[in-house]
Amino acid sequence: MENGWWSKIVAAAGRGNEGWFLENIKRRLGDGRGTKFWEDSWVGRESLNISFHRLYRLCENRKVSVGESGRWVEGVWVWDLKWRRELRDCERETVKSLMDAISSFVPTAGTKDRWTWRAATDGRYSTKSTYDTIKSKRSVNQNQRSEVKTLVSVWKTAAPQKALVTAWRLLRNRLPTADNLRKRNIMLGDVNQDCPWCHAHGENLNHLFLTCSKAQELWDEIQSWTGISSARPSSAAAHWIVFSECGKEKKVRNLLKTIWVGCIWLMWRKRNEKIFEGKDWEVKTLVREIKIRSWCWNKIFGILDPDMDLSRWCCDDLISHFL
Ligand SMILES: [Zn+2]
């Protein structure tokens, strides 16, 4: 599509309330010179200044293009992002998550970036596809809208950014499991694509985090520790909602959200350690780590009262202490 014309429409839509329009356009990379690294949506549906907001605030140049954010070294594209100051360890971890997210995008020298229209299979804008998009948007009911709102609340959870990024990517089905990599046409070659824990065929997020026997064992332990008894939906988004809504008071709901994010982040780490280093893990040990980390995060964020020490926090029926 013609770049100048589209850029004007995109700028106009950005000023108004045309979220549906912005959701349906995507930047297709050429040499990356005409696409803003942080502010244009070229990886997934969100721009990186939203999904990696803390890094965006630290970057040296917020308007830098994708093409200026790396260079070719002996035929291989190497990302080279510049920061306003030395990064802390936790920020380096977030940069690793960012690198994971953009690893499959490589600029193509000699071609210009262009806009494509997601609503049509050929990427070309048409009145009919626009009409269909608006119609389907209107049919999204109130429940779905409130579900999206609840998912977004993950960003307000008392946990480090790297853990929030992992939880958010799970909720949006964007963690790089074998099935997601296949969907993005990334060749996995000889890599084992089964569940690393129970060897069930075809690794996918809902199995890994929720329905795998190992995950079930972990959630059993977490439920008896927290004292909540709830249904266990087999989709991550529904699980997040049901789990966090188990608290009657807002404070308890916030604590449960931190625990949920801690579980997800540490499970994902264990998954990676198993795949890349062959390390196994014990459910009891991981639960202990989740207890300690979630206690620290809640303390740091000032959510826990001073008399809630670690030994009290680790006792069973946790939420009964807040009634
Ligand atoms: Zn499994």
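**Figure 1. Packing of helices H11 and H13 in the predicted model.** Helix axes are lines fitted to C-alpha atoms over the stretch in contact, and the angle between two of them runs from 0 to 180 degrees between N-to-C directions. The structure shown is a predicted model. The axes of H11 and H13 lie 12 Å apart and meet at an angle of about 155°. Angles over 145 degrees count as roughly antiparallel, and H11 and H13 are therefore roughly antiparallel to each other. The crossing of H11 past H13 is right-handed. H11 contributes Ala215, Leu218, Ile222 and Thr226 to the contact, while H13 contributes Leu256, Ile259, Cys263 and Met267. Sorted by class, the residues in this contact of H11 with H13 are seven nonpolar and one polar, with no charged residues.

**Figure 2. Packing of helices H12 and H13.** H12 and H13 have axes 8 Å apart, at an angle of about 140°. This angle makes H12 oblique to H13. On the H12 side the contact involves Trp240, Phe243 and Ser244, and on the H13 side Arg253, Leu256, Lys257 and Trp260. The contact of H12 with H13 comprises four nonpolar, one polar and two charged residues.

**Figure 3. The largest nonpolar core.** The protein has 323 residues, of which 28% count as buried, and its secondary structure consists of 15 helices and four strands. The largest nonpolar core holds 39 residues, and the members touching the most others are Ala167, Phe209, Val261, Cys263 and Ile264. Two or more residues of this core come from each of the helices H8 (161-171), H10 (205-211), H11 (213-226), H12 (236-244), H13 (250-277) and H14 (283-300). H13 gives the most, with 11 residues. Cys263, leaving aside its neighbours within four places in sequence, is in contact with Leu218, Ile222 and Ile290. Another core, of eight residues, lies apart from the largest one; Leu29, Trp38, Phe52 and Val66 are among its members.

Figure 4. Arg85 sits in the loop between strand S3 (76-79) and helix H5 (89-102). Arg85 counts as exposed because it has 8 C-beta neighbours inside 10 Å. Its C-alpha atom is separated by 7.4 Å from that of Leu58, 27 residues apart along the chain. Gly278 belongs to the loop between H13 and H14. Gly278 is exposed, with 8 other C-beta atoms within 10 Å. From C-alpha to C-alpha, Gly278 and Pro196 are 9.4 Å apart in space, and they are 82 residues apart in sequence. Across the protein, among contacts between residues at least 6 apart in sequence, 62% join residues at least 24 apart.

Figure 5. Asn173 is not a glycine, although its phi is positive, about 55°. Asn173 is located in the loop between H8 and helix H9 (178-183). It has 16 C-beta neighbours inside 10 Å and so counts as partly exposed. Asp317 is also a residue other than glycine with a positive phi, near 55°. Asp317 falls in the segment after helix H15 (310-314). With 12 other C-beta atoms within 10 Å, Asp317 is exposed, since a residue with 12 or fewer is placed in that class.

Key: Residues are numbered from 1 along each chain as its sequence is written. This is a predicted model: local features need pLDDT of at least 70, side-chain atom pairs count only at pLDDT 80 or more; totals for chains, interfaces and linings use all residues. A nonpolar core is a set of buried Ala, Val, Leu, Ile, Met, Phe, Trp, Tyr and Cys residues joined through C-beta atoms within 7 Å. A residue is buried if 20 or more other C-beta atoms lie within 10 Å of its own, exposed if 12 or fewer, and partly exposed in between; C-beta atoms are placed from the backbone. Two residues are in contact if their C-beta atoms, placed from the backbone, lie within 7 Å. Angles under 35 degrees count as roughly parallel, over 145 as roughly antiparallel, 65 to 115 as roughly perpendicular and the rest as oblique. A crossing is left-handed if the near helix is turned anticlockwise from the far one by less than a right angle, and right-handed if clockwise. Ala, Val, Leu, Ile, Met, Phe, Trp, Tyr, Cys and Pro count as nonpolar, Asp, Glu, Lys and Arg as charged, and the others, Gly among them, as polar.
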